[in-house]
Amino acid sequence: MTNFEFKNPTKIIFGKNTIEKLTTEIPSEAKVLLLYGGGSIKKNGIYEQVKTALANFEVVEFGGIPANPEYTILMQALKVIKTEGITFLLAVGGGSVIDGTKFLSSAALFEGDTPWDILANSIPTTVGMPFGTVLTLPATGSEMNSGAVITREETKEKRGMGGPGLFPKFSILDPQVIKSIPKRQLANGLTDAFMHVLEQYMTYPSGGYLQDRFAESILQTLIEIAPKILNDPTDYTAASNFMWSCTMALNGLIQKGVPTDWAVHAIGHELTALFGIDHARTLAIIAPSHYAYNFESKKEKLAQYAERVWQISEGTVDEKAKSGIEKTKAFFNDLGIATKLSEYTDTYNGTAELISKRFTERGWLGLGEHKTLTPNDVEKIVEMAY
């Protein structure tokens, strides 16, 4: 294992009926901006629980943050923060609402020319406006990490940001919220978490034995509970394991001391920006092609994954590795998620070339765990995913 430092200051409050604990987690003198998405929290009872817990606070609301948190809409929220004198942010939603809140946390204290510079110039946030979260959709792990991804519709871009100042002060995780989530979003959440683990695991053997076992245990848990969650989201045992697996998949723990990839995410973000495809589904589109294209450098880990996660004991290293790719595709398909770009759009011709050009213009000339994937390689990977 390589040297590393690890600090995660987010307080997790996990379990049934924990939303009421908001009362003691937010500073009593705070003026709170309550942020949420399309309004589903007003249909499933979560909004009422949050409002009850905030009864003694001064609260301003901002709803309508879309599934891919959009810069223009977030700038409207930033104006509210400044005009209303907000001192604490509360995200009630899934990864998109939480990511949007992280952007606002950073932008509220940003002293540069325009908040888009935070994303365009990869400026790390060391201090942000304090915020907490109430998680309503397990998927991204944003409730326990310091990263975020923001979309800008006018330029068809999706950019990441982060920094030590963007960890939530607390996150409330009540698995009971899962019972009201549509099946499509549950499938997305399972896929997103699964791919978060693979991005930190599917590289090459590096002596991180415990890290590998951590990662494999999350993958095995997601595989085990996936049919249970999709068939009966009121199953509390399955729901609680689902929620905690999504959080553990991207809270920083499993990537410490080992190489990580993240090329699948970099490419997938472009598909969301260009076509509006759900984030998780873009990962399912790109991952099989990415692993096949980089087969020689990844086959040892692919074979280990096939053996330990999918119990494939027969065959050579190459055969096991190929089976690992096929098992991954089959898992996504069983969730109802297609793994070819052509299954989502008829206008995919030229997409690979466009994404390659964008990466070149941004100076993204070395992706993947070895930092050797060029824009030309990216073009070929995307073409394989058609």
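This report describes the sheet, the helices packed on it, selected loop residues, a surface patch and the salt bridges of a predicted model.

## Basis of the description

In this predicted model, local features need pLDDT of at least 70 and side-chain atom pairs count only at pLDDT 80 or more, whereas totals for chains, interfaces and linings use all residues. Residues are numbered from 1 along each chain as its sequence is written, and side-chain values use heavy atoms, with hydrogens and water left out.

## The sheet

Six strands make up an open sheet with parallel pairing, in the order S1-S8-S5-S4-S2-S3. S1 and strand S3 (58-62) are the edge strands; each has a single partner strand, so one side of each is left without a neighbour in the sheet. On average, neighbouring strands of this sheet are turned by 20° against each other, direction ignored. Strands (E, at least two residues) and helices (H or I, at least four residues) are DSSP runs, numbered from the N terminus. Two strands count as paired if DSSP finds at least two bridges between them.

Strand S5 (residues 131-135) and strand S8 (residues 170-173) run parallel and are joined by three bridges. Within this pairing, Val134 has Ile172 in S8 as its bridge partner.

## Helices on the sheet

Helix H3 (residues 71-84) lies across strand S2 (31-35), S3 and strand S4 (88-93), and runs at about 160° to S3. Helix H8 (residues 236-249) also packs on the sheet, where it touches S1, S5 and S8, and its direction makes about 170° with that of S1. Contact means heavy atoms within 4.5 Å. Axes are lines fitted to C-alpha atoms, for helices over the stretch in contact, and angles run from 0 to 180 degrees between N-to-C directions.

## Loop residues and a surface patch

Asn17, in the loop between S1 and helix H1 (22-25), has a positive phi of about 55° although it is not a glycine. Trp262, in the loop between H8 and helix H9 (263-275), likewise has a positive phi, near 75°. Asn17 is partly exposed at 47% relative accessible area, and Trp262 is partly exposed at 24%. Here buried means under 20% relative accessible area, exposed over 50%, and partly exposed in between (1.4 Å probe, protein chains only).

Met1, Phe4 and Phe6 form a nonpolar surface patch, together with about 320 Å² of accessible area (Shrake-Rupley method with a 1.4 Å probe; for residues, only the protein chains shown count as cover). Patch residues have over 30% relative accessible area and no salt bridge; like charges are joined within 9 Å, and nonpolar side chains (Val, Leu, Ile, Met, Phe, Trp, Tyr) within 5 Å. Phe4 lies in the segment before strand S1 (11-14) and is partly exposed at 46% relative accessibility.

## Salt bridges

The whole structure contains 21 salt bridges, each defined by a side-chain nitrogen of Lys or Arg within 4 Å of a carboxyl oxygen of Asp or Glu. Lys31, Glu58 and Glu84 are linked in a network of such bridges. Arg152, buried at 18%, pairs with Glu154 at 3.0 Å between the closest N and O atoms; Glu154 is exposed at 59%.

In helix H7 (residues 209-231), Glu216 and Arg213 are three residues apart, and so separated by about one helical turn. Their closest N and O atoms are 3.7 Å apart; Glu216 is buried at 2%, while Arg213 is partly exposed at 47%. Glu307 and Lys320 meet in a salt bridge of 2.5 Å, N to O. Glu307 belongs to helix H11 (residues 295-310) and Lys320 to helix H12 (residues 317-334), so this pair ties together parts that are 13 residues apart in sequence.
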